[in-house]
Amino acid sequence: LFIGGSFTGTGFQNLATTSSLTAIAPARFGNADAAITGNINGPVFALAVYSDPLGGATAGTRGDILFVGGQFTNAGGTAATNIAAFGIVPSATNGRPAHVLGWSAVGTGVTGANSSVRALTVWDAPDINNNTINPTLVIGGLFQVQAANSANVQNNIVQWTGTAYNALIAAGNGTNAIVRALTTVVDAQEP
């Protein structure tokens, strides 16, 4: 269980797990057990766990990533503008590639006057013409971001593919006001 908000406690600020609060076992990421480390320097409004399509602890496996959205500039000592990820991140040990648990920025983050991420959900879009489409993280709130698949700046809603922000509709530019809630349904036509 992950808990986000605007609070402080011994060893945590604005984000906690039940293991931070009680003796319940810590969260599990890939093949490692870990408690969330580090503070978020502003309020947390949205949380989502997403299986990274780019792989986790070892090549060919997926790693669960906790995405945290809110109104902040730093997560666990890592610069991150309103959205950050906690999970298995590439590192180096003694000059060799390794994977460790930690915080990372999500692209360049989302910006704009009084910007914030207010809603997160994982969307598994229907497969088209037998082409598998990996799930994406849909991000809503009050922000602007340049999408990789559109010439238009996207306002208040965008999807994260694991490597880039994309518009939900390439010819569009998002919504004209804040997005506060997102959810998905299972498409009965999916196999």
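Predicted model: local features only at pLDDT ≥ 70, side-chain atom pairs only at ≥ 80, totals over all residues.
**Entry 1: surface and overall make-up**

I started with the accessible surface of the chain, which comes to about 10,000 Å². Of that surface, 52% belongs to carbon and sulfur atoms. Areas like this come from the Shrake-Rupley method with a 1.4 Å probe, and for residues only the protein chains shown count as cover.

Residues are numbered from 1 along each chain as its sequence is written, and side-chain values use heavy atoms, with hydrogens and water left out.

I looked up the secondary structure next and got 1 helix and 14 strands. Helices (H or I, at least four residues) and strands (E, at least two) are DSSP runs, numbered from the N terminus.

The chain has 191 residues, and 39% of them are buried. Buried means under 20% relative accessible area, exposed means over 50%, and partly exposed is in between (1.4 Å probe, protein chains only).

I also checked contacts, meaning heavy atoms within 4.5 Å. Among those between residues at least 6 apart in sequence, 46% join residues at least 24 apart.

**Entry 2: the cores**

Which residues have the most contacts inside the largest nonpolar core? I found Phe67, Ile83, Leu120, Leu137, Ile139 and Tyr165, in a core of 18 residues. A nonpolar core is a set of buried Ala, Val, Leu, Ile, Met, Phe, Trp, Tyr and Cys residues joined through side-chain atoms within 4.5 Å. Strands E5 (44-52), E6 (63-70), E9 (83-93), E11, E12 (136-146) and E13 each give two or more residues to this core. The largest share, 4 residues, comes from E12.

There is a second, separate core of 10 residues, and Val44, Leu66, Val68 and Trp103 are among them.

I then picked Ile139 and left aside its neighbours within four places in sequence. Its contacts include Ile83, Leu120, Asn156 and Tyr165.

**Entry 3: two asparagines with positive phi**

Asn82 has a positive phi of about 75° although it is not a glycine. I found Asn82 in the loop between strand E8 (78-79) and E9, and it is buried at 3% relative accessible area.

Asn156 also isn't a glycine, and its phi is positive at about 75°. Asn156 lies in strand E13 and counts as buried because its relative accessible area is 6%.

Is Gln154 buried or exposed? Gln154 is buried, with a relative accessible area of 2%, and it lies in strand E13 (residues 153-160). I saw that its side chain reaches the backbone nitrogen of Gly174 at 3.4 Å. Leaving aside neighbours within four places in sequence, Gln154 has contacts that include Phe143, Ala147 and Asn173.

Asn173 sits in the segment after strand E14 (165-166) and is partly exposed, at 40% relative accessibility. Beyond four places in sequence, Asn173 is in contact with Asn152, Val153, Gln154 and Asn155. From Asn173 to Ala147 I read 26 residues in sequence and 9.3 Å in space, C-alpha to C-alpha.

**Entry 4: a nonpolar patch**

Last, I looked at a nonpolar surface patch of about 280 Å², made by Trp123, Leu168 and Ile169. Patches take residues with over 30% relative accessible area and no salt bridge, joining like charges within 9 Å and nonpolar side chains (Val, Leu, Ile, Met, Phe, Trp, Tyr) within 5 Å. A salt bridge is a side-chain nitrogen of Lys or Arg within 4 Å of a carboxyl oxygen of Asp or Glu. Trp123 lies in strand E11 (residues 111-123) and is partly exposed at 32%.

Methods: Polar contact = N/O pair within 3.5 Å; in protein donor to acceptor, adjacent residues only side chain to side chain.
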